[in-house]
Amino acid sequence: MGHKCSNRWILMCFSLCLPKHSAGIGIGFYGNSETNDGVYQVTYSLLNANHTLSSIDSLVSETVELLSATVRGELTQLEETLSPRTELVAVVRNTRRQAEAVAQTLDGMPFWGEVHGGPSLLAEQVGYLEDYRWLAYILLLLLDLIICLFTLLGLAKQIKWLVIVMTVMSFLVLILSWGSMGLETAAAVGLSDFCFEPDGYVMNTTQARTGLSSEILQYYLTCSQDIFNPFQQRLTMCQRALSNIHSQLYGLEREAIPQFPAAEKSILSIQSTLNTTESNFHHLVALLNCRGLHKDYVDALKGLCYDGMEGLLFLFLFSFLSALSFTTAVCSLPRAWKRFQNRDSDYDDMEDDDPFTPQARVKALRTVAVLDLRVSPSSTVIPRPLRMRASYVGASEEVEHPYRTGFLS
């Protein structure tokens, strides 16, 4: 009976530990989801920032190409048409110089063009690693749940081989739990250091890898009115040049067209190009403003330092509870399977002359059967069926001895 009580106590202990382990698994699923949300917020912000930088590059390229084509085509043709009037030719040449200056200034505006990869490459790498991290934790959580359930099944049914297999699996998962807890601790400490002062780390790392000026990085990371806009001077110069070109084209339209009707087509084409250039310029000013990129930067920090940190802490708690549970399992399960024995082995330690043991009852039945066979052949004996209720473990029905009949010779 001592073995049975011990097994019951072990099963009871595991049954009490099951809700705690299930709560730990639930915490692990929640932490894994929160970490995944935070990392994907970072990748989304990086892709948004990459879209802004790509839009700046494409917009500048389109505007510069448009101005260069106008300088080579319509302005050259207009200069040839107005060659009899030297003062008008001087105005056209001044317009050409200003258009070339605008194109040259805009061409040097993109600050991310020489950087290979950029935010898109970083977002791709982060998303790739996050997919495998999320899948690994899902498999670990499911493995914990399966081991816990099969361990309880083996203890309840006293299946020795199943308990042995689950003990080995518990040892392997115990190693994984302690290892994951170490990784989560290191990640949480590093992330907390980063989130304490992210601007300095991002500025130094980006400047070292990309070679961008500290003024541009400070402008976008801080986005404060106290920070000087590094593009303001060049944008102001371009805006003034475009306004001067507009005024000069208006003067040429008023003075040159009455004398040179052939110049009307070139002037109207230049004005259309100038209107497109101004529209692109205003769009470029909005993209170069710090608000858009700074918002992406803040969103990435929120995803990393709030959702990501919260998820890491919950994953650390899951790993800690899992490690404690499997440490208990590895220490106690070997004692459990050693106590698994056959049903009748619990009576081996009883006295042989005890008439109430199952072995004594079976022996008594066999003795009665032998006596029936030895009855005198001169009479027919129809003994009453012997009924005896077994009291040993596992027997739930009455044992009935069949009729035996003797015949006259």
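Modeller: A word on terms comes first: axes are lines fitted to C-alpha atoms, for helices over the stretch in contact, and angles run from 0 to 180 degrees between N-to-C directions. Please also keep in mind that this is a predicted model.

Colleague: Understood. At what angle do H3 and H4 pack, and how far apart are their axes?

Modeller: Helix H3 covers residues 119-157 and helix H4 covers residues 160-196; they pack at about 150°, and their axes are 10 Å apart. Angles over 145 degrees count as roughly antiparallel, and H3 and H4 are therefore roughly antiparallel to each other. Their crossing is left-handed.

Colleague: Which residues make that contact?

Modeller: On the H3 side they include Tyr137, Leu140, Leu143, Asp144, Ile147 and Phe150. H4 contributes, among them, Leu162, Val163, Met166, Met169, Val173 and Glu184.

Colleague: And how do the residues of the contact of H3 with H4 divide by class?

Modeller: There are 13 nonpolar, 4 polar and 2 charged residues in the contact of H3 with H4.

Colleague: Which residues of H7 and H8 are involved?

Modeller: From H7, the contact includes Leu235, Cys238, Leu242, Ile245, His246 and Leu249. From H8, it includes Ile267, Ile270, Leu274, Phe281, Val285 and Leu288. By class, the contact of H7 with H8 has 13 nonpolar, 5 polar and 3 charged residues.

Colleague: What about H5 and H6: is their crossing left-handed or right-handed?

Modeller: The crossing of H5 and H6 is right-handed. These two helices pack at about 145°, with axes 10 Å apart. Asp199, Val202, Met203, Thr206 and Gln207 of H5 meet Ser214, Leu217, Gln218 and Leu221 of H6. The contact of H5 with H6 has 4 nonpolar, 4 polar and 1 charged residues.

Colleague: A change of topic, then. How many cavities of 30 Å³ or more are there?

Modeller: The count is 2 cavities of 30 Å³ or more. The largest cavity holds about 80 Å³ of space.

Colleague: Which residues line the largest cavity?

Modeller: The lining consists of Leu67, Thr70, Val71, Leu75, Thr95, Ala99, Ile245, Ile270, Thr273 and Leu274. Of these, Ile245 of H7 and both Ile270 and Leu274 of H8 also take part in the contact of H7 with H8. Helices H1 (2-81), H2 (86-107) and H8 (263-288) each supply at least two residues of the lining, and H1 has the largest share, with 4 residues. By class, the lining of the largest cavity has 7 nonpolar, 3 polar and no charged residues.

Colleague: And how much space lies in the largest pocket?

Modeller: The largest pocket has about 1400 Å³ of space. It is lined by 43 residues, and Val42, Leu46, Leu122, Val202 and Thr206 are the closest to its centre.

Colleague: Which elements give two or more residues to that lining?

Modeller: They are H1, H3, H4, helix H5 (198-210), helix H6 (214-222) and helix H9 (290-338). H9 gives the most, with 9 residues. The lining of the largest pocket has 28 nonpolar, 11 polar and 4 charged residues.

Notes:
Residues are numbered from 1 along each chain as its sequence is written. This is a predicted model: local features need pLDDT of at least 70, side-chain atom pairs count only at pLDDT 80 or more; totals for chains, interfaces and linings use all residues. Side-chain values use heavy atoms; hydrogens and water are left out. Angles under 35 degrees count as roughly parallel, over 145 as roughly antiparallel, 65 to 115 as roughly perpendicular and the rest as oblique. A crossing is left-handed if the near helix is turned anticlockwise from the far one by less than a right angle, and right-handed if clockwise. Contact means heavy atoms within 4.5 Å. Ala, Val, Leu, Ile, Met, Phe, Trp, Tyr, Cys and Pro count as nonpolar, Asp, Glu, Lys and Arg as charged, and the others, Gly among them, as polar. On a 1 Å grid over the protein atoms alone, a cavity is a set of points where a 1.4 Å probe fits but cannot get out, and a pocket is an open set with protein on both sides within 12 Å along at least five of seven lines; lining residues have an atom within 4 Å of a point. Grid points are joined across faces, edges and corners, and a volume is the space filled by probe spheres set on the points.
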